[in-house]
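Have the structure open as you read.

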Amino acid sequence: MNILVTGGAGYIGSHIIELLVKKKTNKVIVLDNLSTGNKILINQKSKFFKGDINNKKIINRLINKFNIDTIIHLAASLNVSEAQTNKKKYYKNNITGTKILLMSCRNTTVENIIFSSSCSIYGNIKGSVNERKKPNPQGYYAYTKYKGEQLIKKYASKFNYNFGILRYFNVAGASPSGKIGEIETSHGHLIKNFAIQSMKEKPKLNIYGNNYNTKDGTCVRDYIHVSDLADIHIKGIDYLKENKKSFTLNCGYGKGYSVLQIANKFKKIKKNTQINFMKRRPGDIAQVYSNTKEFKKLLKWKPKHNDINKIIKSAINWEKKLKTNFYRNF
Ligand SMILES: NC(=O)c1ccc[n+]([C@@H]2O[C@H](COP(=O)([O-])OP(=O)(O)OC[C@H]3O[C@@H](n4cnc5c(N)ncnc54)[C@H](O)[C@@H]3O)[C@@H](O)[C@H]2O)c1
C-alpha cells in the first residue's frame, strides 16, 4: 500500500508510522510542516516531505508521484485554549487544510482516508458515550474537528473514497520500542505534564477542580495508550480495504480514571510528589469515557497496552530519555 500520513512527525503520527513500516509492502510518505512535530520522530524507513496541508500543489504532487491509495490525516493544531483565542489559525489549519487535502484527492488513486477526530466533539456528556450521540462541540478546537468530519463525509462519494473517522479519547504513553513518544509540551496533556513534573526534584501535580460530580470530585477521562491507538489505524485501513465501507468509531478503552487517581499513581512512584488542588478551568467536562461496543464489533480488535500503570511508566521512561544528551538537541 502507498500511504500518505499528514502530521506524521507528531506524537500519534510517528507511532502509526512505526507500525506501518514494519510491513515491507507499505510505502509510507510523510507530509508535515514541523510546526509541533519533530524530525527525530520520523521513522527512517518512511519518506519525509516538509510541507503544509494548505498547499494543494505539494499534496497533488505526492499523491500522483507515489500513487497514494490511503491517506491518514492527522495534521492539525490542537491546543484547546489557543483555539479559543486564535480562531483564524484553527480555521485555516484544521478546516481549510482538511478541505484542501480532500480537494486534492479528486480524480486520483486515493481510495481510503482515515481522519483523526476527537471525543471533544461530543461536548458536555455524562459518563459513557457511543458514536450515535449527536455531536455538540463546545470549544473552537472541537468545532474544527467536527467540521473536519463533516467535510470528510461530504466529499466521500463525490471523490470516490471510503473513510474511517476515529474519535480519539485521551492519548497517552510512549512506544515500548523506547524510540518515540510525545515531545511537544504545549498541548496540555495530563499524563505528559505529570511525567514532566516527575522528572523534577520536588514534583508538583496541579489538579483543576475537586468539586465535580464524580467519584472523588476530580474529572474522569478515558486514557488510551498511543501504541494501541496506532494499531487501531492499521486495523481501520484493513477494514476499509476488505469491506469498502466507511465507519466512525470512538477510540478509548471504556474505562474512566479520575485525575486524582492518576496523580496518586505518580505519587506512588515518587513519594515526595505534592498534589495541589486548583480552581476549575473553564470548559472542562466532569466525566467522559468511551462506549466500546461498536468498536469491538466492527474491528474485532483487542488492546495490548490497556494498563494505566504501564501507560504512566512508559510516559515517565520517555521523559527520562528526553533528558539525555541525545534528545536534548532536538
Ligand atoms: N493527542 C491527543 O490526545 C489527541 C486527542 C484527540 C485527537 N487528536 C488529534 O490527533 C492528531 C494528531 O495529534 P498529536 O497528538 O499527534 O499532535 P502533534 O502536534 O504531535 O501532531 C500534529 C502534527 O501535525 C503537524 N501539522 C500541524 N499543522 C500542519 C499543517 N498545516 N501542515 C502539515 N503538518 C501540520 C505538526 O507539525 C505535527 O507534527 C490531531 O489531528 C489531533 O487533533 C489528538
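## Around the ligand

Start with the shell around the ligand: helix 1 (11-20), strand 2 (27-32), helix 4 (87-103), strand 5 (112-118) and strand 8 (170-172) each put in at least two residues. Keep in mind that this is a predicted model. Helix 1 has the largest share of that shell, at three residues.

How many residues surround the ligand? There are 31, and the closest are Gly 7, Gly 10, Thr 36, Gly 37 and Ala 76. Sorted by class, the shell around the ligand comes out as 16 polar, twelve nonpolar and three charged residues.

## Two domains

Now zoom out. The protein splits into domain 1, made of 2-171 + 223-251, and domain 2, made of 174-221 + 253-328. Taken over C-alpha atoms, the centres of domain 1 and domain 2 are 23 Å apart.

## Where the domains touch

On to the contact itself: domain 1 brings 36 residues and domain 2 brings 35 residues. On the domain 1 side that touches domain 2, at least two residues each come from helix 1, strand 6 (126-129), strand 11 (223-225), helix 7 (226-243) and strand 12 (247-251). Which of these gives the most? That's helix 7, with seven residues on the side of domain 1 that touches domain 2.

Notes. Residues are numbered from 1 along each chain as its sequence is written. This is a predicted model: local features need pLDDT of at least 70, side-chain atom pairs count only at pLDDT 80 or more; totals for chains, interfaces and linings use all residues. A residue is near a molecule or strand if its C-beta atom, placed from the backbone, lies within 6 Å of it. Helices (H or I, at least four residues) and strands (E, at least two) are DSSP runs, numbered from the N terminus. Ala, Val, Leu, Ile, Met, Phe, Trp, Tyr, Cys and Pro count as nonpolar, Asp, Glu, Lys and Arg as charged, and the others, Gly among them, as polar. Domain bounds come from an automatic or database domain assignment. Two residues are in contact if their C-beta atoms, placed from the backbone, lie within 7 Å.
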